[in-house]
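This briefing goes with a structure and its sequence. Look at both first, then read the points below.

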Amino acid sequence: MIVAANWKMNPELSVAAKLASDYCAASVAGVTRILFAPHPYLVPIGVRLEGSGILLGGQDCHPSAFGAHTGDVSTGMLRDCGASVVLLGHSERRADHGETSELVAAKAVQAFSSSLSVMICVGETLAEREAGNALATVLDQLAVSVPPTLPTTALTIAYEPVWAIGTGKVATAVEIAEMHLGIRGWLDEAGFDQTKILYGGSVKPGNAAEIFAVPHVDGALVGGASLIAADFDGICAAAAN
Ligand code: PGA
């Protein structure tokens with residue numbers, strides 16, 4: 001199981017440092033933990049994580065190796081700052097920055113060339129689900145976002161229904177099961193048979209066990225609850241069971 005914390009643009013550094021230390025204090029056997037920290041925090045937070053086994057990740061990268069791209073961060077820079085993984089195509093980036101699945105694929109190729117593994121996010125909006133197009137939307141996103149050349153062990157998929165992110169609304173076990181089965185089928189067909197599939201969207205300690213019991217759920221991508229160490233630890237404990 002994998003449990004990944006997505007801090008997004010939170011919190012202030014002193015709080016972040018304490019949070020990272022609290023993560024390290026929890027003993028979690030059999031669960032891979034990943035922390036996607038804001039870029040300016042990668043180095044100071046990486047120092048806190050040393051020896052903990054928690055993997056450090058960036059929340060985005062540029063598709064080019066370097067160049068005149070003011071404000072952007074390269075995959076080599078992420079690597080130099082201690083990251084081993086990068087989160088790509090989060091719905092907030094797709095919405096806030098107009099990121100397309102084509103761009104996500106280009107970033108993934110660049111990330112892998114810098115020896116970073118990638119976690120690619122997919123998910124439907126409420127309108128797409130209500131129109132009966134949830135699975136088709138997600139499979140279309142996968143088909144374009146996932147570079148066919150990526151090794152299966154370098155890729156993780158996070159299924160995050162957009163309407164469940166930060167809203168307190170969680171997909172039902174049946175909805176999650178249908179989607180994860182569909183994603184599993186697509187991945188296996190495309191040769192990504194070792195790729196894990198995480199669920200994300202308002203995962204909390206109180207609902208984590210039920211979500212982890214759903215077939216083909218290999219862990220969680222956690223936003224809000226990852227900002228409270230006890231909640232993140234509770235989700236990790238549910239994953240360990
Ligand atoms: P949430 O965010 O857990 O706050 O819903 C999840 C995410 O956006 O990765």
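In which strand is the place of Ile197? Ile197 has its place in strand β7; strands (E, at least two residues) and helices (H or I, at least four residues) are DSSP runs, numbered from the N terminus. This is a predicted model, in which local features need pLDDT of at least 70 and side-chain atom pairs count only at pLDDT 80 or more, while totals for chains, interfaces and linings use all residues. Residues are numbered from 1 along each chain as its sequence is written, and side-chain values use heavy atoms, with hydrogens and water left out.

**The chain as a whole**

- The chain has 10 helices and 8 strands.
- Its radius of gyration is 17 Å, close to the 18 Å that the globule rule gives for 241 residues, so the chain is as compact as a globular protein of that length. The radius is taken over C-alpha atoms, and the globule rule is 2.2 Å times the number of residues to the power 0.38.
- The C-alpha trace spans about 45 × 45 × 30 Å along its principal axes.
- Of the 241 residues, 50% count as buried. Buried means under 20% relative accessible area, exposed means over 50%, and partly exposed lies in between (1.4 Å probe, protein chains only).
- The chain exposes about 10300 Å², and carbon and sulfur atoms supply 57% of that area. Accessible areas come from the Shrake-Rupley method with a 1.4 Å probe; for residues, only the protein chains shown count as cover.
- Among contacts in the chain with a separation of 6 or more, 71% are between residues 24 or more positions apart. Contact means heavy atoms within 4.5 Å.

**Around the ligand**

- The ligand is surrounded by 13 residues, and the closest are Lys8, His90, Glu160, Gly166 and Ser202. A residue is near a molecule or strand if one of its heavy atoms lies within 4 Å of it.
- By class, this shell has 4 nonpolar, 7 polar and 2 charged residues. Ala, Val, Leu, Ile, Met, Phe, Trp, Tyr, Cys and Pro count as nonpolar, Asp, Glu, Lys and Arg as charged, and the others, Gly among them, as polar.
- A backbone N or O atom of Gly166 lies 2.7 Å from a ligand oxygen atom. For Ser202, a polar backbone atom is 2.8 Å from an oxygen atom of the ligand, and for Gly223 the distance from a polar backbone atom to a ligand oxygen is 2.9 Å.
- On its own the ligand has 280 Å² of accessible area, and the protein covers 97% of it.
- A polar contact is a pair of N or O atoms within 3.5 Å; within protein, one must be able to donate a hydrogen and the other to accept it, and residues adjacent in sequence count only if both atoms are side-chain atoms.

- Ser202 is found in the loop between β7 (196-200) and α9 (205-212).
- Ser202 has a relative accessible area of 10%, so it is buried.
- Phi of Ser202 is near 60 degrees, a positive value in a residue other than glycine.
- Asn207 has its place in helix α9 and is buried, with a relative accessible area of 15%.
- A polar atom of the Asn207 side chain lies 3.0 Å from the backbone oxygen of Ser202.
- Leaving out residues up to four places away in sequence, Asn207 touches Val170 and Ser202.

**Ile197, His180 and His216**

- Ile197 counts as buried because its relative accessibility is 0%.
- Not counting residues up to four places away in sequence, Ile197 touches several residues, among them Ile157, His180, Leu187 and His216.
- Ile197 and His216 are 19 residues apart in sequence and 6.9 Å apart in space, C-alpha to C-alpha.
- His180 is found in helix α8 (residues 173-189) and counts as buried, at 0% relative accessibility.
- The side chain of His180 reaches the backbone oxygen of His216 at 2.9 Å.
- His216 lies in the loop between α9 and β8 (219-222).
- At 34% relative accessibility, His216 counts as partly exposed.
- His216 is not a glycine, yet its phi is positive, at about 70 degrees.

**A cis peptide bond**

- The peptide bond from Asn10 to Pro11 is cis, with omega near -25 degrees.
- Pro11 lies in the loop between β1 (2-6) and α1 (13-25).
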